[in-house]
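The following exercises are to be worked with the sequence and the coordinates side by side. Each task is followed by a solution that goes step by step.

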Amino acid sequence: MADNNYTCLNLEKDVASSLDNPLDPQRSTQLREKLVSEIQALEEQLSALQDSNDAIDFSMEQTCREMIHSRQQLYLELCR
């Protein structure tokens, strides 16, 4: 889980850097690619949680949904 936190912190820094220099198309492209990758990984994690035979962890599922949604919104903002 620490690895995910590291990724999230790096993403925040990348977003801040991209917003500081919004005219850098290469930076925006890299950030969009990273967002797509994280969205896919989170969707896989959510699917695994839903398919698990273990006790259902609704709070973890909701957290995944919120993380997916926030990254999708950020992606849409970057595509404007």
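**Exercise 1.** Describe how α2 and α3 are arranged relative to each other.

*Solution.* Begin with the axes: those of helix α2 (residues 25–51) and helix α3 (residues 58–78) come within 9 Å and cross at roughly 160 degrees. Since angles over 145 degrees count as roughly antiparallel, α2 and α3 are therefore roughly antiparallel to each other. As to handedness, α2 passes α3 in a left-handed crossing. Turning to the residues that meet, α2 contributes, among others, L35, E38, I39 and L42, while those from α3 include C64, I68, R71 and Y75. The residues of this contact between α2 and α3 divide into 14 nonpolar, three polar and six charged.

**Exercise 2.** Which element has the lowest mean pLDDT, and which the highest?

*Solution.* For the chain, the mean pLDDT is 79, with 71% of the residues reaching 70 or more. Among the elements, helix α1 (residues 2–20) has the lowest mean, 55, whereas α3 has the highest, 92. Over residues 1–6 the pLDDT is below 50, and this stretch has two contacts in the model beyond near neighbours in sequence. Where pLDDT is low, the predicted coordinates should not be read in detail.

Definitions and conventions
Residues numbered from 1 in each chain as written. Predicted model: local features only at pLDDT ≥ 70, side-chain atom pairs only at ≥ 80, totals over all residues. Heavy atoms only, no water. Axes fitted to C-alpha atoms, helices over the stretch in contact; angles between N-to-C directions. Helix = DSSP H or I, 4+ residues; strand = E, 2+ residues; numbered from the N terminus. Parallel < 35°, antiparallel > 145°, perpendicular 65-115°, else oblique. Left-handed = near helix turned anticlockwise from the far one by under 90°. Contact = heavy atoms within 4.5 Å. Nonpolar A, V, L, I, M, F, W, Y, C, P; charged D, E, K, R; others polar. pLDDT = per-residue confidence, 0-100.
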